[in-house]
Amino acid sequence: KPGPSKWRVRADACYAWLYPLSAGAAARAGQGGAPRLEALDAPRWIASIQIVCYHMYHSEEGYAKYSTWMACWTQLFFLLSGFV
């Protein structure tokens, strides 16, 4: 059985270079990847739901006070996305 083509080897090397923390890239390159921080999935999910609620209900009368600090949820979401 022949090995992978030279294009497949180059594509895998390029993918591993572009996405160094990806588990798939690490597996293809023969390395161990960075562990997934599953404990951050729930806070990230909550932040994303808060962002969706803001976009859906920002003009509702009772929601106006609550929506004034919604930028915090967006920043938290992007912060957590960088680690997950």
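Biologist: What relative accessibility does Cys72 have?

Modeller: This is a predicted model, where local features need pLDDT of at least 70, side-chain atom pairs count only at pLDDT 80 or more, and totals for chains, interfaces and linings use all residues. Residues are numbered from 1 along each chain as its sequence is written, and side-chain values use heavy atoms, without hydrogens or water. Buried means under 20% relative accessible area, exposed over 50%, and partly exposed in between (1.4 Å probe, protein chains only). Cys72 counts as partly exposed, at 46%.

Biologist: How many disulfides does the structure hold?

Modeller: A disulfide needs a pair of cysteine sulfur atoms within 2.5 Å. Cys14 is partly exposed, with a relative accessible area of 40%. The number of disulfides in the structure is zero.

Biologist: What pattern does the protein follow along the sequence?

Modeller: Helices (H or I, at least four residues) and strands (E, at least two) are DSSP runs, numbered from the N terminus. The protein has five helices and zero strands. Read along the sequence, the pattern is α-α-α-α-α.

Biologist: Which side chains meet in a salt bridge?

Modeller: A salt bridge puts a side-chain nitrogen of Lys or Arg within 4 Å of a carboxyl oxygen of Asp or Glu. A search of the whole structure finds one. Both partners lie in helix 1 (residues 6–18), four residues apart, about one turn of the helix. At 3.3 Å, N to O, the pair is Arg8 and Asp12.

Biologist: Which residues make a nonpolar surface patch?

Modeller: Patches take residues with over 30% relative accessible area and no salt bridge; like charges are joined within 9 Å, nonpolar side chains (Val, Leu, Ile, Met, Phe, Trp, Tyr) within 5 Å. Trp45 sits in helix 3 (residues 41–57) and counts as exposed at 55% relative accessibility. The patch covers about 300 Å², and its residues are Trp45, Ile46 and Ile49.

Biologist: Which residues does Phe77 touch?

Modeller: Contact means heavy atoms within 4.5 Å. Leaving out residues up to four places away in sequence, Phe77 touches Arg44, Ala47, Ser48 and Ile51.

Biologist: How far apart are the C-alpha atoms of Gln50 and Phe77?

Modeller: Gln50 is in helix 3 and is buried, with a relative accessible area of 16%. Beyond residues up to four places away in sequence, Gln50 touches Tyr63, Tyr66, Met70 and Trp73. Gln50 and Phe77 are 27 residues apart along the chain, and their C-alpha atoms are separated by 9.7 Å.

Biologist: How far apart in space are Arg44 and Leu79?

Modeller: Arg44 also belongs to helix 3. Arg44 is partly exposed, with a relative accessible area of 27%. Arg44 and Leu79 are 35 residues apart in sequence; C-alpha to C-alpha, the distance is 8.9 Å.

Biologist: What share of the accessible surface belongs to carbon and sulfur atoms?

Modeller: Accessible areas come from the Shrake-Rupley method with a 1.4 Å probe; for residues, only the protein chains shown count as cover. Buried residues make up 15% of the 84 residues. The accessible surface comes to about 6800 Å², and the carbon and sulfur share is 64%.
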